[in-house]
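Visitor: I would like to learn how to read helix packing and nonpolar cores in a model. Could you walk me through it?

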Amino acid sequence: MRWLLGKDLLILRRSRLLVGVLVVYPIAIALLIGLAISRGPGKPRVAIVDETPPGQTIAVGSEHVQVSRYAEELFSQVQPVRVLTRSRALAEIKSGKVLAAVVIPRDIAARIASGVTQGSLEVLYNGNALEQSLVQSQLSSALAQANLGFSEQIQRAAAQAIGLLLRGGNLGVLGAPTNLIGLSQIPPELRGIIARQPSSPDRRQLERMNTFAEFAAQNLGLSKNVLSTIGQPIQVKSTLVQGRRTPLNTFAVVVAVSVSLMFVCVLLAAGGVALEREEHTLARLARGVAGNRSPADKSPTDRNPTHPALISREGLLAEKLLLAAACALVLALAMLAGIGAFVSLDWSRFGEWLIALAFGAVAFGALGIAIGALAREVRAASLLAFLLSLPLAFLALVPSGSVSHGLYDATDAISFAFPFKAALQALDAAVNGASPGISVSLAHLAGLTVLFGALARLGLRRLD
Amino acid sequence: MSPVLSVKGLAKRYGEREALRDIEFDVDPGELVAVVGPNGAGKTTLLSILAGVQPASAGTVDGPGAGAAIGWAPQQPAVYAKLSVAENLRLFARLEGVVDPQAAVERMLEQTGLRERADERVERLSGGNRQRVNVALGLLADPPALALDEPTSALDSPQRERVWEFVGALARAGTAVLFSTHHLGEVSRNATRAIVLADGELLFDGAPSELIAANGGGGERDFEAAFVAFLKERGHS
């Protein structure tokens, strides 16, 4: 086997273009996938036209909220481009410099302060269906966030005004009366006055007023809680059910390395086996004893009576699998080491990385030799390996809940039958301690190795 | 003289189809045996069974040249295009367990006349030279018998002539050579014996001149006419 390994390494060394593509292509694909996963959608670039006069406020009782706060909330949710006029904003959209524009109209403060009508914004956008969908989705989210932030400010101002009504004291507004009595202070004061009154129509009237004051104070006190509930009716508390939380960037590293491992391994193993058949050397290597000749009939002049074939078919497949797995393992480790310079990885788990990568590489190698043995020629094998690998990676990354239940079950079943998802889970468990545990994934990979190894042997039942 | 190869009751079936049935013949050292027949006669199947590339359904192949001991050169050169001539020879010498691989490489470079091209990659060689490397790989272990499947099919006349010079020298040195061919002129010129197969059946086994004489011909150029007449007479037109 070592002579065959040496031969294959020599052929690889002389196929620089192939090796270059085998290294560069999966890394490029892996980086693209990694970037796509690790970076969420960026903030949309939005032109904002604020037509409100500078310093305009909305009065909430005795409190005032700056209208410009709304624009600030909106600015924090998008990449803002301040423009002065609506026509300028339209020009920016048409030129493609911004995805959309938001116009905050001059009368927004008056509308909000009226308590009768809602303040309204004008949103302008352009582009094809995909861009429109993206802009609508991103802008809706940004506006919802800005609305929430602004309503919290109004809610706080309203709560302060209610507190002042209840507690009394100074309004803090120039010209307003000082040392006002609070609503909550009226009932005890009234009770003192009533106690000093003889039984009379006046006393009964005072008692009615006291009952109202107590009722009003209690309910006004509750209204602060009601305001808070309306502002944010439901609080979200997140709990991870299984495993430990995997940071998105380290998961992206795991995906990128798994994709590279798969591409190199599957393509190399498939190409290696198919090349032996295409160069007609498979039959020369693995041919055995002809006819039904018994060992007793063998002549002493036989070259190698104990080993009829130069290499067994199983040995040949194992050699291709090991070569592909070793090359892919080296590349994957180099990638992890390289990425480790930019992303924080837990190097104390290196042993587990190695085990996960080795099991993954062997399983991918088994898939590769099966493809190579069944496809019978290098071009067909490479095409099949390529066509199979890319969708497998994407199918394994489909999150549950993002598609219908039936479709997810189908993608899950396909992913289960091929090594990518198991290799990804094994590496995620090794690198990030994610669930399911590494042993489950390794057992899955070992099973797939046996399955695809058997398929490869079946594909080599004929040597010609 | 005991035969190098002794084939008895050899048969090959692919499902219901019989590719070979009840084939029997012996081959002595130094014989140059042509295996001829129309397309689908079973020539390649017979040679690949003799070479151990596929198993027989029934029958035996015995003798010192049987099984893995036979040298084999398939119709398409079974060589690594990215390796040089010497690297191909060295690799297979090692895989075949030859005691002194380098000596075997030197011997084959000498025999094939490829010494000057030893370091050249096979992908850059002409078809004739590739075929010479292909045959040389079959001879690395100095086998007592050699099976050549259409060794000259893709070659021009001068290249074919060089291959036959080389193969003739091997036979004169005592190697039994079986070859299949569609160039019937090569049979009367080079073979000492012809085996005619049709539809998996052995129809004739004897000297080419006997086939010509039995079918009203005379001289080398009539082997093809005699062969066609023979097949027609046997109902294989």
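Predicted model: local features only at pLDDT ≥ 70, side-chain atom pairs only at ≥ 80, totals over all residues.

Visitor: At what angle do α12(A) and α13(A) cross?

Guide: Helices are DSSP runs of H or I with at least four residues, strands are E runs of at least two, and both are numbered from the N terminus. Axes are lines fitted to C-alpha atoms, for helices over the stretch in contact, with angles from 0 to 180 degrees between N-to-C directions. Here α12 (residues 350-375) and α13 (residues 378-396) of chain A have axes that come within 8 Å and cross at roughly 140°.

Visitor: Which residues of α12(A) and α13(A) make the contact?

Guide: Contact is scored when C-beta atoms, placed from the backbone, lie within 7 Å. On α12(A) these are G368(A), I371(A), G372(A) and A375(A), and on α13(A) they are A380(A), A381(A), L384(A) and A385(A).

Visitor: And how do I find the core?

Guide: A nonpolar core is a set of buried Ala, Val, Leu, Ile, Met, Phe, Trp, Tyr and Cys residues joined through C-beta atoms within 7 Å. Buried means 20 or more other C-beta atoms within 10 Å of a residue's own, exposed means 12 or fewer, and partly exposed lies in between, with C-beta atoms placed from the backbone. The largest core has 159 residues, and L261(A), C265(A), V266(A), A328(A) and A426(A) touch the most other members. Its largest share, 21 residues, comes from helix α9 (residues 248-278) of chain A. Another core, of 28 residues, lies apart from it and includes A47(A) and V49(A).

Visitor: What is A328(A) in contact with, leaving aside its neighbours within four places in sequence?

Guide: Its partners are L261(A), V264(A), C265(A), L268(A), A361(A) and F364(A).

Visitor: How many helices and strands does chain B have?

Guide: Chain B has 8 helices and 9 strands, and 54% of its 237 residues are buried. Among its contacts with a separation of 6 or more, 69% join residues 24 or more positions apart.

Visitor: Which residues of α2(B) and α4(B) meet?

Guide: V85(B), N88(B), L89(B) and F92(B) of α2(B) meet V133(B), A136(B) and L137(B) of α4(B).

Definitions and conventions:
Residues numbered from 1 in each chain as written. Chains lettered and ligands numbered in written order. Contact = placed C-beta atoms within 7 Å.
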